[in-house]
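Reader: Hi! I'm new to this one, could you walk me through it?
Author: Happy to, let's bring it up.

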Amino acid sequence: IFKHIVCRNGIYANKIQRFIVDDERIQWNIDFDYKPPFYESEGLIGKPWADLASDDPNFKPQFNAIDGNVNRVSHTGDYKVVNNLPLNPFGRTGITGRGILGRYGPNHAADPIVSTWKRDRNNEIVKHEDGYPILRVLCIQRGDTKEIALPGGMVDPGEQVSVTLKREFIEEALNGKIQESELDDFFNKGDEVYKGYVDDPRNTDNAWMETVAVNFHDEDGTFLNKLKFEAGDDAIGIHWIEVSKDVKLYASHAKLIKATAALRKAHF
Ligand code: RP5
Ligand code: MG
Ligand code: MG
């Protein structure tokens with residue numbers, strides 16, 4: 001079973017030391033003297049996109065269900081709920097409460113993986129010495145951790161994932177300066193490369209990120225060449241990365257570009 005790393009043993013949100021959980025004690029069914037701190041960011045209280053406080057009598061979430069227009073269903077299957085708190089399906093993280101995430105349980109995101117081939121001056125596709133062509137993927141730099149990441153974001157309540165993918169791409173990589181309809185044709189042809197848990201630094205024992213990652217590939221590069229990329233919203237930079245095993249990305253995004261390289265038969 002997958003062992004999360006990013007959301008374990010570090011300092012949470014630059015504030016709170018996570019209770020140390022070693023590799024062998026991640027799983028909930030392994031007994032040990034586990035005393036994680038509780039943290040729920042005050043900044044979340046009263047936010048329309050966030051759950052009510054966990055101790056608010058009006059907070060009556062329907063876990064493992066579509067709760068009104070909030071999707072509390074996990075891509076990983078049914079998760080356990082103990083004392084009205086959902087348990088992270090991948091085990092202990094060293095911190096309880098929802099931390100800085102808006103929702104208890106799964107927090108659904110979508111990640112657009114916009115790609116094209118690396119080309120030389122003569123417009124020929126550049127191949128690695130292993131014979132495979134080199135894929136380029138459009139990434140952003142995140143304002144919060146400063147790491148390079150896919151330009152993904154949260155699925156709004158009731159929003160179709162296909163809409164989130166396009167909306168977040170426009171907000172973060174095009175600074176909102178394009179009509180949605182101009183991306184329609186390109187975003188209509190996507191290949192899903194991953195759906196599930198994300199090992200995100202914001203995850204806690206009771207709240208975690210999940211995503212649907214979809215690859216939108218421009219085979220000849222002509223469409224992407226016409227776009228003017230510019231960081232927007234919470235992104236602070238644009239980075240075209242050359243896909244390989246050496247690329248370090250936010251959370252578990254490297255796994256997503258690995259799956260994309262396999263799909264496109266690109267160098268990794
Ligand atoms: C990651 O957080 C997801 O894969 C997605 O890229 C991102 C969504 O959160 P925000 O970018 O909205 O902070 O886990
Ligand atoms: Mg965003
Ligand atoms: Mg984002």
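Reader: Which residue bridges the magnesium ion (ligand 3) and the magnesium ion (ligand 2)?
Author: That is E172, and the two ions lie 3.3 Å apart. Before going on: this is a predicted model, where local features need pLDDT of at least 70 and side-chain atom pairs count only at pLDDT 80 or more, while totals for chains, interfaces and linings use all residues. Residues are numbered from 1 along each chain as its sequence is written, chains are lettered from A and ligands numbered from 1 in the order in which they are written, and side-chain values use heavy atoms, leaving out hydrogens and water.

Reader: Thanks! What coordinates the magnesium ion (ligand 3)?
Author: G152 (O) and E172 (OE) do, at 2.1 to 2.2 Å. Donors here are N, O and S atoms within 2.8 Å of the metal (3.2 Å for Na, K and Ca); water is not among the atoms, so sites may look incomplete.

Reader: Is E172 buried or exposed?
Author: E172 counts as buried because its relative accessibility is 4%. Buried means under 20% relative accessible area, exposed over 50%, and partly exposed in between (1.4 Å probe, protein chains only). G152 counts as buried too, at 11%.

Reader: New topic: which polar side chains lie by an oxygen atom of ligand 1?
Author: D200 is one of them, with a polar side-chain atom 2.6 Å from an oxygen atom of ligand 1. For R202 the distance is 2.7 Å, and for D111 it is 2.5 Å. A polar contact is a pair of N or O atoms within 3.5 Å; within protein, one must be able to donate a hydrogen and the other to accept it, and residues adjacent in sequence count only if both atoms are side-chain atoms.
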